Amino acid sequence: MRVDEYMYNVMRCTRCGMCRTKYNYYIERVCPTGEFSSGFEYNFPRGKVSIARGILEGDLQYSKELAEVLIMCVGCWSCMEQCGAKDTRTGLPLINPGEITEAMRADCVDLGLAPKAYQYLARNIENHNNPSGEDHKDRFKWADGLDIPTGKSDTILFVGCTPAYQRPEIAKNSANILKAAGVDFSILENEVCCGFPANSAGFINLAKEYAEKNGKALKDAGAKRVVFACSGCYRSMMIDYPKLVGKLPFKLIHITELINELIKEGKIKLKQGINQKVTYHDPCHLGRHLGLYSVPREIIKAIPKLKLIEMFPTEKNSWCCGSGGALKLVHPGMAVEIAGVKIKQAEKTGAKAIVSACPSCKTNITDAINKNGSKLKFYDITELVIKSMEAA
Ligand code: SF4
Ligand code: SF4
């Protein structure tokens, strides 16, 4: 069983509950799916670790019902951040209930117990190269009329399924920023899903197949550096690919990291002031998963007249937007309810807009703004950069 790999970690759990509620000047919620589902212990991280222990000790068996319970995790890693069980030498967390849940999902897939919604997602990837079942031939529709090269290049812009189909403005802005800064780059003609949704749902062999496809396509394109327009794809190639196919031999960098570099080198000139108060939402895949907290904030602060006001909680304690782990696909209503917490936190700051750097966060937070009748606006960070680059 794949959960066997986590035996040592699971057995370190003292069932203390710090992953359910944290004290951060006042009592705060930690787990989005636990808080917004039935409220039963099995929907919280501590319950997930107890389920894993039951399986490892032979007291519980995998079943279709258990596979449904395991859907309730957005993989935000907020629980891991709060968990008190740390490696005494490195200080790093020992227990990641999000990863343990993914390992149990993978066991369910291996046993033929995958929930229908996950099977649908996997079939879409197999048949259309993207998790939402869009037509593969439309993958680069966003680039129509933009004159973006597709040949060999040292720098490849890896766009990802979500920007390509659902948030084409993020794909366009990313490409236009690179063009305007004089970066010599190409897009990958045979780009396919990064495999992250398959990996997260437990379809490890499928994720591996897609990791191999992208790795080969990047190699054939002569890539030395891969720039990501999507935080999920970036996280996938940084964290999952080394386990699936080995570390990729290219420099991997998120679009915000490259933008920040280009600003510092004077290749991106932020001329136009944006007179607004904004707050920044940390996407889990960039923040907790990869530790990218300061870069997007440096970009926001570099835009003239733009004022950043921090939300509470933020950075490693940030509340997830609720769209991860395919929750937006399986329980869209719950995903938007989770994002509703973020809207309240943002409104409290007095900011007029939420800025972030993830296409999935943009969709879910925008849905929550609309559902809550909030006056907040949402900007992807690339949108603000493009705006500020325009001649005053
Ligand atoms: S996972 Fe960590 S924080 Fe949660 S109950 Fe176990 S030891 Fe405590
Ligand atoms: S990763 Fe996030 S959603 Fe999953 S159990 Fe931990 S806190 Fe809950």
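**Notebook: ligand shell, domain contact and salt bridges**

I began with the shell around ligand 1, whose residues divide into 6 nonpolar, 2 polar and 2 charged, where Ala, Val, Leu, Ile, Met, Phe, Trp, Tyr, Cys and Pro count as nonpolar, Asp, Glu, Lys and Arg as charged, and the others, Gly among them, as polar. I listed the shell by name as C13, T14, R15, C16, G17, M18, C19, R46, C83 and I95, a residue being included if one of its heavy atoms lies within 4 Å of the ligand.

I note that this is a predicted model, in which local features need pLDDT of at least 70 and side-chain atom pairs count only at pLDDT 80 or more, while totals for chains, interfaces and linings use all residues. Residues are numbered from 1 along each chain as its sequence is written, chains are lettered from A and ligands numbered from 1 in the order in which they are written, and side-chain values use heavy atoms, with hydrogens and water left out.

I then looked up the domains, and the assignment, which is automatic or from a database, gives domain 1 (2-114), domain 2 (128-262) and domain 3 (270-389). For domain 1 and domain 2, I found their centres, taken over C-alpha atoms, to be 30 Å apart. Their contact (heavy atoms within 4.5 Å) takes 8 residues from domain 1 and 10 residues from domain 2.

I read the area buried between these two domains as about 690 Å², with carbon and sulfur atoms giving 51%; this is the accessible area (1.4 Å probe) that two parts lose on being put together, summed over both.

Across this interface I found 1 salt bridge, that is, a side-chain nitrogen of Lys or Arg within 4 Å of a carboxyl oxygen of Asp or Glu. I identified a salt bridge between K243 and E99, with the closest N and O atoms 3.5 Å apart. On the side of domain 1 that touches domain 2, I noted 4 nonpolar, no polar and 4 charged residues.

I counted 23 salt bridges by this rule. In the one between D87 and R89, N to O is 3.3 Å; D87 counts as buried because its relative accessibility is 16%, whereas R89, at 72%, counts as exposed, the cut-offs (1.4 Å probe, protein chains only) being under 20% for buried, over 50% for exposed and partly exposed in between. For D240 and R235, I found a salt bridge at 3.0 Å between the closest N and O atoms, with both residues buried. I also recorded E315 with R297, at 3.7 Å from N to O.
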